[in-house]
Amino acid sequence: MVKIRKVKKSDFYDVFNLYKELYLAECPFDDNLNINYYETKESKNKVLKSIKSRKKTFLVAEEKDKVIGFVDGYMLNYSQYIHKVAYLDHLCVNINYRKRGIGKLLINSFEEKMKEQGAKFIKLNAFSENHAAISLYKKEDFSQYSVYYLKTIVD
């Protein structure tokens, strides 16, 4: 049975490996991403800082004492919004545990935590070619909200 709980510092290595898995899955969508980034000390420090952050809501999915997924995000502090808006920063389920509803559980748990903090909306970004992620988000009632554009500057 899958349990959703708050991240602990002792989850670092499992969570770090999931961040790495997520990053490597996203590299094909952006050829400017450094495929070796998660081999750096900077990446380890960034993940540890994220786990320790009191400003983030960071939840893990656990099965049989093994971390198999996570979601993290935070409340946006933009005064231009009328209602509070949460930002879902990362969502990852280990490839061996996908298609079992764990992503849905993580999103719903994140939503509940943000709702407790007064959020009326959740924003997130997804690569337009990441059809699996977009499909999940649509099933969870997210709708397209904004479009980012990228221009390559040529010499």
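Here is a walk through the structure above, from its overall layout to a few single residues.

What you see is a predicted model, in which local features need pLDDT of at least 70, side-chain atom pairs count only at pLDDT 80 or more, and totals for chains, interfaces and linings use all residues. Residues are numbered from 1 along each chain as its sequence is written, and side-chain values use heavy atoms, with hydrogens and water left out.

Let's start with the layout. Along the principal axes, the C-alpha atoms fill a box of roughly 55 × 40 × 30 Å.

Of the 155 residues, 37% count as buried. Buried means under 20% relative accessible area, exposed means over 50%, and partly exposed is in between (1.4 Å probe, protein chains only). The accessible surface comes to about 11,100 Å², and carbon and sulfur atoms account for 50% of that; such areas come from the Shrake-Rupley method with a 1.4 Å probe, and for residues only the protein chains shown count as cover. How do the contacts run along the chain? Taking contacts between residues at least 6 apart in sequence, 61% join residues at least 24 apart, where contact means heavy atoms within 4.5 Å.

The structure holds 13 aromatic pairs. Rings of Phe, Tyr and Trp (its six-membered ring) pair if their centres lie within 6.5 Å; planes under 30 degrees apart count as stacked, over 60 as edge-to-face and the rest as tilted. One of the pairs is Phe16 with Tyr38, which is tilted, at 5.6 Å centre to centre and 55° between the planes. Phe16 sits in helix 1 (residues 12–26) and Tyr38 in the loop between helix 1 and helix 2 (41–52), so this pair ties together parts that are 22 residues apart in sequence. Phe16 and Tyr38 are both buried. Another tilted pair is Tyr74 with Tyr87, at 5.5 Å centre to centre and 40° between the planes. Tyr74 belongs to strand 3 (residues 66–76) and Tyr87 to strand 4 (residues 84–93), so here the parts tied together are 13 residues apart in sequence. Tyr74 is partly exposed at 28% relative accessible area, while Tyr87 is buried at 14%. Ring pairs also link a cluster whose members include Phe12, Phe16, Tyr38, Phe58 and Phe70.

Lys64, in the loop between strand 2 (56–63) and strand 3, has a positive phi of about 50° although it is not a glycine. Lys64 counts as exposed, at 76% relative accessibility. Asp141, in the segment after helix 4 (131–139), is also a residue other than glycine with a positive phi, near 70°. Its relative accessibility of 72% makes Asp141 exposed. Finally, look for Gly101 in the loop between strand 4 and helix 3 (102–116). Gly101 is partly exposed, with a relative accessible area of 37%.

How values were computed: Helix = DSSP H or I, 4+ residues; strand = E, 2+ residues; numbered from the N terminus.
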